[in-house]
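Please go through the report below with the sequence and the model side by side.

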Amino acid sequence: MSRKQSRREIDALMDRLVRENITNAPPLPDKFADVGATPQDGLLSAIQRDQSLVDLLITAEIAEDSPVYKEAVLARAYAHRCKADKLLAADDFERARLHYVKAATTLCGPIPHRATYFNERYLALTSLTPSVVATLSCVGAARCMYHLREYEDALNYLTQVNVLQRHAQLSAGFHAFEWFSFDVSYPDYYRAQILAAKLGYEIYSTIGNTGAAAESKWTETVAWTSLSPTLEKEATKGLKKDSKYMTDRIHAQLHPDPALAHKQIIVAPSLQVRGSWQKLNSHRLSSRMGSAIFVHDGHLYAFGGEKGLEGPYYSELWRINLETMGDWQQLPSYPYADEIISEYTGYRMVVNKKDSKAYLFVGDLELHFFDLKKNHWGRVQTTYKGGKWPYCDGGKNYVMHAIDGKLYVIGGTHFDSPIGTDLLMVLDIEKKAWTRLSGTSIAETASLYRPGPREYACSWVGKGEKKIYIMYGDADRMGAKFAGMPHGGMTTYDYDDLWAWDIEAKTWTKHRITGNQPSKRTEMACVYNPVLDKVFAFGGYSPRVPTYTPEKNEVFKFSYYADTFMLDSDDPSVSSWKHVLTRGFPIYRAQARLFVDEATGKTYLFSGYTNSQFVPGQKHLISRSFSDVWQLRVDIEGGCFEGVNVEEEARTAKAGPWQRCFACGSAGLWKKCGGSCKGKAYFCNAQCLRDGWRAHKESHGCRKL
């Protein structure tokens with residue numbers, strides 16, 4: 001056939017291919033049953049065997065009213081992928097990318113589809129064959145983009161792989177909670193997972209996002225080990241499995257890694273931005289975690305918290321002036337101790353601007369508040385007419401916002417639902433009346449139309465106070481198991497999703513997470529800075545990604561983070577995440593609190609906790625909490641980056657719990673200089689002190705005492 005064919009001839013060709021390979025094809029041999037082969041695979045095999053069909057399908061016109069239109073579209077997409085595979089094998093990345101993109105967009109439309117996560121076109125790919133053709137084409141496109149150093153586009157196409165696989169599950173009728181595995185006998189479904197994870201590790205390693213790189217490597221490990229011998233043989237053909245030594249080495253890196261942080265440079269401006277953490281001097285407040293904090297009139301307020309995972313608990317209220325950073329001032333303590341709550345951790349306080357009161361929600365109809373004008377505590381009785389009050393014996397670890405005289409409470413746990421809830425409740429403060437807007441007290445079934453049950457989500461309110469966003473968090477399956485509740489399991493499930501609640505429309509919308517994003521985690525700090533129109537995120541905890549400690553040859557089945565990220569605006573449907581590269585950083589921690597002083601536009605960090613394995617010298621403790629205050633400075637307009645000496649920080653900034661050697665740059669528990677500089681520089685040994693003394697003397701005016 002000539003390359004220019006009439007629509008009628010193309011229809012006739014496709015009709016013949018469909019009849020020979022699908023309609024009238026003989027039954028598949030039993031040996032293919034274990035690997036999930038479908039009749040459509042026969043059609044694709046026929047195309048793969050005939051290069052003339054590949055060339056023809058790439059150039060031919062396909063009529064939308066053709067009786068075999070769907071099969072023709074699939075055939076064309078597959079032809080583009082076959083062409084791209086050969087070009088990639090020849091290292092022709094530019095042309096291979098074009099054909100991979102054409103293959104993916106032929107089936108999916110424009111990539112990325114930014115408006116929402118769920119897409120009717122993806123759901124219309126009603127069998128695994130077209131979905132797998134699309135996902136493998138996305139992986140191929142991302143591989144080419146990586147080689148061409150188009151890192152942002154590469155990450156967008158890798159995100160598309162996860163989106164398409166989730167839609168494939170839904171098309172197959174798999175509407176379960178996300179922690180349940182989707183098992184299917186189709187090798188290329190898993191091959192796409194493994195290839196995407198391998199490439200994700202390479203990309204994130206290249207751009208310095210060690211947390212996402214480790215997450216990608218762990219995803220690959222889990223996908224590989226979950227395969228049956230038959231599936232593994234087909235799905236991993238030609239692929240190399242990492243050795244235990246290699247995976248241990250990868251998981252020995254911290255996030256950020258102190259050996260790398262001071263060397264990182266911007267290699268992808270659309271995915272990275274320079275930043276700096278500055279520890280602020282203040283008279284120390286006793287260390288604590290799980291405190292409720294808020295900002296009012298230039299002061300940070302901190303209520304409650306606990307010193308460690310088993311107490312002691314604090315019922316105190318403190319505040320500090322953010323401009324002077326002087327002494328912490330103690331205010332009247334919580335007066336209702338032991339009446340309603342006895343463990344003052346896991347709660348939130350928010351300020352209602354209409355009455356200048358900071359409200360504390362403890363999961364009860366009795367609402368507590370601190371009057372910021374009168375400087376005293378009070379309480380008010382509220383009502384709920386929606387049946388039984390949905391919080392049994394209190395509520396914790398929720399998200400709360402005050403918007404236009406109303407309190408919005410999302411998620412969290414209570415006695416009957418330790419795994420977390422998907423509740424969204426609103427209180428009209430003036431009317432003292434609660435309304436349930438979404439979710440249930442106990443989430444028994446999964447829903448496509450609202451977030452899954454969770455605790456410790458991070459959240460922000462968008463500009464104009466029209467939408468509430470929630471991101472990540474976890475379902476405490478271990479807590480549910482030990483309590484004998486539904487959905488229990490031996491591993492806590494950490495989410496990697498992002499949802500928006502439209503206050504006026506009263507609907508949830510799921511969004512993609514794009515860009516150089518934080519790895520999947522929970523207990524992450526997050527805040528929206530309305531002055532900069534940026535969202536910032538810091539730290540957190542993974543209950544799945546392991547940490548390897550070479551000095552003890554031990555593997556801990558969790559990770560703590562101290563990495564920093566920025567979303568380019570309040571709205572994730574039009575903006576992407578960037579990794580904030582800082583030379584120094586606070587100690588790795590979870591449950592930290594990010595907050596903004598809207599009067600100055602400055603962004604701060606307070607509190608949190610970490611496991612003792614991440615604090616050298618304190619291994620006798622299970623955990624350590626903090627009460628330090630840091631300011632984040634970012635290299636954007638209004639980001640307070642003026643005066644930051646990046647090169648100086650590369651030699652002196654504290655890298656988590658470690659000090660940086662001024663001479664060689666290594667990180668460790670080094671000794672500070674004993675000269676007149678009062679410890680502005682640290683040295684790892686006497687030789688480095690000799691090597692770096694002259695530069696230190698010139699930089700800091702130090703002299704021997």
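Asp404 sits in the loop between strand 11 (399–403) and strand 12 (406–410). Strands (E, at least two residues) and helices (H or I, at least four) are DSSP runs, numbered from the N terminus. The model is predicted: local features need pLDDT of at least 70, side-chain atom pairs count only at pLDDT 80 or more, and totals for chains, interfaces and linings use all residues. Residues are numbered from 1 along each chain as its sequence is written, and side-chain values use heavy atoms, with hydrogens and water left out.

Asp404 is not a glycine, yet its phi is positive, at about 50°. Asp404 is exposed, with a relative accessible area of 52%. Here buried means under 20% relative accessible area, exposed means over 50%, and partly exposed is in between (1.4 Å probe, protein chains only). Glu465 also has a positive phi of about 50° without being a glycine. Its loop runs between strand 15 (458–461) and strand 16 (467–471). Glu465 counts as partly exposed, at 39% relative accessibility. A cis peptide bond joins His255 and Pro256, with omega about 0°. Pro256 lies in the loop between helix 12 (244–251) and strand 1.

## Salt bridges

Side chains of opposite charge can pair when their charged atoms come close. A salt bridge here is a side-chain nitrogen of Lys or Arg within 4 Å of a carboxyl oxygen of Asp or Glu. The search of the whole structure finds 26 salt bridges. One of them pairs Glu202 with Arg143, the closest N and O atoms being 2.8 Å apart. Glu202 lies in helix 9 (residues 187–206) and Arg143 in helix 7 (residues 128–147), so this pair ties together parts 59 residues apart in sequence. Glu202 is partly exposed, at 26% relative accessibility.

Asp635 bridges to Arg274, with the closest N and O atoms 3.0 Å apart. That pair links distant parts of the chain: Asp635 is in the loop between strand 31 (629–634) and helix 14, Arg274 is in strand 1 (residues 272–279), and they are 361 residues apart. Asp635 is partly exposed, at 34% relative accessible area. Arg274 is partly exposed, at 36%. Arg544 and Asp494 meet in a salt bridge of 2.6 Å, N to O. Arg544 is in the loop between strand 22 (534–542) and strand 23 (547–549), Asp494 is in strand 18 (residues 493–494), and the two are 50 residues apart. Arg544 is buried, at 17% relative accessibility. Asp494 is buried, at 0%. Salt bridges that share partners also join Lys198, Lys217, Glu220 and Asp242 into one network.

## Aromatic pairs

How many aromatic pairs does a search of the whole structure find? It finds 38. Rings of Phe, Tyr and Trp (its six-membered ring) pair if their centres lie within 6.5 Å; planes under 30 degrees apart count as stacked, over 60 as edge-to-face and the rest as tilted. The rings of Phe303 and Tyr334 have centres 5.4 Å apart and planes at 55°, so the pair is tilted. Phe303 is in strand 3 (residues 299–303), Tyr334 is in the loop between strand 5 (329–331) and strand 6 (348–352), and they are 31 residues apart. Both Phe303 and Tyr334 are buried.

Phe556 and Phe558 have ring centres 5.7 Å apart and planes at 45°, so this pair is tilted. Both Phe556 and Phe558 are buried. Ring pairs link Phe303, Tyr334, Tyr336, Tyr344, Phe370 and Trp377 into a cluster.

## Sequence and space

Ala599 is in the loop between strand 27 (593–597) and strand 28 (602–606). Ala599 is exposed, at 71% relative accessible area. Ala599 and Asp297 are 302 residues apart in sequence and 8.1 Å apart in space, C-alpha to C-alpha.

Thr383 lies in strand 10 (residues 383–384). Thr383 is partly exposed, at 39% relative accessible area. Thr383 and Val139 are 244 residues apart in sequence and 53 Å apart in space, C-alpha to C-alpha.
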